[in-house]
Amino acid sequence: MDATLRSYIRKIKMDQIITTYCHLHDNRVIVNDRLIFYQENIVKFADLLKSVYKQEQITYPKFYKMDILSKLGFIAAELVLKDNKLEGYLPEDVGVVMSNSSSSLDTDIAHNETIRDRSSYFPSPSVFVYTLPNIVIGEVCIRHKIKGENAFLISETFSSNLLFSYVNELFANGRVKACLCGWVEVMGNTSDAMVALVENTGRDLQASVTGFKPLQFNVDNLNLIMTRN
Amino acid sequence: MEELIEKLKKEVIEQLNLEDITPDDINPDSPLFGEGLGLDSIDALELIVLLEKNYGIKIEDPKDGKKIFHSIRTMAEYIMEHKK
C-alpha cells in the first residue's frame, strides 16, 4: 500500500467531535449551550474575568499577573477542561491551536506606554513578557500540563476554515489525540473568546452528562458555537 | 523604618498584582522568594524597577539582588542606606 493511500485511509477513519466548548462575549459566558455567567454593567473586561475566576473558585495566583489576552484564554480553557477532561491523555498528545485578529497588540500598546517617555523610562518586565500572542497558549499549557503541538494563527476575522484545516491536519497526521482550539481576541474594549475541546470519537465521552450533545468537528459547527450567546 | 516597611508592603502588592494578599499578610522578615510570597524571576525584575522608579535607586550589580530582596525589611534597609 503506498503512502498516499495509507494517509487517505487514516484520514477517512478519523472522526473528531467537539466535546466541550466555551464562549465568552458581551458580559456573558456560555459553556456547552448553557449560560453560566452574566453580569450587567461591567465597565472593564478584566473585572468580568475576575468575577468568573471567583465564581468558579479557581485558585491560581498567577492569573492576576497575566495580561488580558492570557486571562481570557486561561478562563476559557479552565471552563472547557474542568473535571479533568484531559485525564487519560499523554501530555504530548494534547495540542493547543488558538487564533485571533489583533495578536498581542493590546499589551504591546501597554508596553509602549511605559517606554514612550524617555524621561520616565520604566519598562515593566511583567508587561513585556506578554508582548507575544502565543503566551496565552503557554499559560494554558503550564496550567494543564499540556506538551503537544501548538500554534497561534492570525487572521483578520474569525476563520473557521483556517482553524478547522490546521487542527484537522494535526489529527490526520497523528500529531494530537485531543486539541484545544479557538479564537481569543482582545483589543481595547473589544474582546471575544471561543475555545473548544476536540477529541476523537472513540473515547469514552463524558460530555453527555451535562446534557450537551457533542458536535461534529467541522467548519459549520465552529461557526455555530462562535455565534452562541 | 516601620513606616517605610508598611509603605513597601503596599507598593510590592500593587506592583506585583498580589490580589489576594493584604499588607498584614506579609511578615517583613519572611523570605519574598521561595516559600514566602512565592515570587518568581519576573517579580524580581519588577522589584528592581520599583526601587528605581519609586526611590531612584539603581542596582548596579545584579548579584546584590539576592541580599536586597531577601525580605521587605532588607529592602527597606537598603532603601534607607541608598535613597538619594
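The crossing of H3(A) and H6(A) is right-handed, meaning that the near helix is turned clockwise from the far one by less than a right angle. This is a predicted model, in which local features need pLDDT of at least 70 and side-chain atom pairs count only at pLDDT 80 or more, while totals for chains, interfaces and linings use all residues. Residues are numbered from 1 along each chain as its sequence is written, with chains lettered from A and ligands numbered from 1 in the order in which they are written.

Let's look at that crossing. Helix H3 spans residues 68-80 of chain A and helix H6 residues 135-144 of chain A; their axes come within 8 Å and cross at roughly 40°. H3(A) and H6(A) are therefore oblique to each other. On the H3(A) side, A:Leu69, A:Ser70, A:Gly73, A:Phe74 and A:Ala77 meet residues of H6(A), among them A:Ile135, A:Val140 and A:His144; contact requires C-beta atoms, placed from the backbone, within 7 Å. The residues of this contact divide into 6 nonpolar, 3 polar and 2 charged.

Now for chain B. Its secondary structure comes to 4 helices and 0 strands, where helices are DSSP runs (H or I) of at least four residues and strands (E) of at least two. The C-alpha trace of chain B spans about 30 × 25 × 20 Å along its principal axes. Of the 84 residues of chain B, 23% count as buried, that is, with 20 or more other C-beta atoms within 10 Å of their own.

Technical notes:
Axes fitted to C-alpha atoms, helices over the stretch in contact; angles between N-to-C directions. Parallel < 35°, antiparallel > 145°, perpendicular 65-115°, else oblique. Contact = placed C-beta atoms within 7 Å. Nonpolar A, V, L, I, M, F, W, Y, C, P; charged D, E, K, R; others polar. Buried ≥ 20, exposed ≤ 12 C-beta atoms within 10 Å, placed from the backbone.
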